[in-house]
Amino acid sequence: TSATSAFAPPSSSVVYRQSTVLEVPSVVEKSNSLSYNVASRNNYRPLFMGWGPDPIWSSGAVESNIQACPSGSCISLKLNVADGTEFMYPGQYVQVKPSGDTDVNPVFLAIASAPSGTPPKPTPPGKKKAKDEADAAAGPEPSTPEPATWEFLIKKTDNNQWLTDIQPGQTVDVSQVMGGGFPIQENFEGFKYDFPTQNILLFASGSGIAPIRSAIESKQLNIASPGSGGRTCTLYYGVRTPDDMPYVSKFAQWEELGVQVVPVISQPDLPCESGAVWQGRTGYVQNALEEDGVPIPRNSGALLCGVKGMCEAVKSELVESGMFDGRILFNF
């Protein structure tokens with residue numbers, strides 16, 4: 001059964017009002033109480049930052065900002081950057097702040113689109129130490145900047161209106177790409193855990209779908225459509241109401257790639273402005289997992305992104321089922 005069949009009327013009749021405001025990138029906002037290292041590539045002024053490496057700022061130009069779901073609770077932002085080669089792994093993120101403004105706390109945004117850079121080829125286990133030593137002696141290889149367009153899914157909050165209302169053509173300051181993303185290659189490939197990874201489970205809530213979307217569209221999960229010999233993959237995606245669900249239009253595309261999409265609505269009785277009536281799974285993502293179980297946990301891996309309670313409950317269920325702890329991956 002297609003994920004979109006849970007909508008009545010069907011999702012094709014849901015009005016997204018793209019003329020209003022933004023489709024949404026995935027957002028991770030840290031506390032306003034943090035103090036930051038504010039830097040500029042032209043004028044570097046190191047200060048203390050409480051989370052992550054010191055940002056090195058460059059300019060990004062807004063290509064589009066559209067509403068991402070019928071409720072308008074989130075937007076989808078496309079940002080043009082001068083160099084996209086650093087974004088190599090799904091789950092990596094950047095900091096974004098108003099252009100030239102040092103008083104507004106940056107927001108932390110996981111990139112929702114597929115990686116625009118190419119990751120290095122993995123080194124065979126027996127040669128890793130020698131390669132690391134050779135790389136250290138040679139120093140970093142110079143790279144040629146390549147322009148890229150990144151997408152973000154951003155939930156609207158009281159503190160980020162400057163970003164969610166931004167218009168095409170305006171600019172923002174964007175940090176270098178941060179974090180290692182989901183360590184997929186290290187934990188899903190080979191026989192690190194004695195059992196090959198044949199099944200992948202994806203879990204997301206709210207705007208946490210952004211880095212999960214990046215993983216799906218990255219081709220780094222090595223999943224394939226049913227019957228073609230690749231890994232199986234199931235996505236459990238939870239939001240409050242059908243009107244709060246971004247990327248519905250992508251579900252059919254993801255299913256063609258081999259992802260079984262299981263949308264879960266926590267408050268199905270709330271009226272939807274779009275007129276949608278929910279006929280699919282209800283409750284929370286962790287409830288859906290508990291109902292379905294993990295068929296072959298020793299041959300499975302998982303990616304998680306979303307609210308803390310969901311992630312903790314899902315991880316607990318996966319570990320209890322027998323999945324290797326090292327194959328339960330987070331991007332932070």
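Start with the largest nonpolar core, which has 36 residues. A nonpolar core is a set of buried Ala, Val, Leu, Ile, Met, Phe, Trp, Tyr and Cys residues joined through side-chain atoms within 4.5 Å. Buried means under 20% relative accessible area, exposed over 50%, partly exposed in between (1.4 Å probe, protein chains only). Select Leu202, Ile209, Ile212, Leu221, Leu235, Trp254 and Leu303: these touch the most other members. Next, colour some elements that give two or more residues to this core, including strand 9 (199-205), helix 4 (209-218), strand 10 (232-239) and strand 14 (300-305). Helices (H or I, at least four residues) and strands (E, at least two) are DSSP runs, numbered from the N terminus. Which helix gives the most to this core? Helix 4 does, with 5 residues.

A word on the model before moving on. It is predicted: local features need pLDDT of at least 70, side-chain atom pairs count only at pLDDT 80 or more, and totals for chains, interfaces and linings use all residues. Residues are numbered from 1 along each chain as its sequence is written, and side-chain values use heavy atoms, with hydrogens and water left out.

Zoom in on Ile209. Leaving aside neighbours within four places in sequence, Ile209 is in contact (heavy atoms within 4.5 Å) with Leu153, Ala204, Leu235, Tyr237, Tyr247 and Trp254. Now select Ile111, Trp150, Val172 and Val174. They are among the 20 residues of a second, separate core.

Two strands pair if DSSP finds at least two bridges between them. Strands 11 and 13 run parallel, joined by 2 bridges. Find Val264: its bridge partner in strand 13 is Arg281.

Last, select Cys69 and Cys74. Are they joined or apart? The sulfur of Cys69 is 3.3 Å from that of Cys74, the closest cysteine sulfur, and that is too far for a bond. A disulfide is a pair of cysteine sulfur atoms within 2.5 Å, and by this rule the count is 0. Cys69 counts as buried, at 0% relative accessibility. Cys74 is buried too, at 5%.
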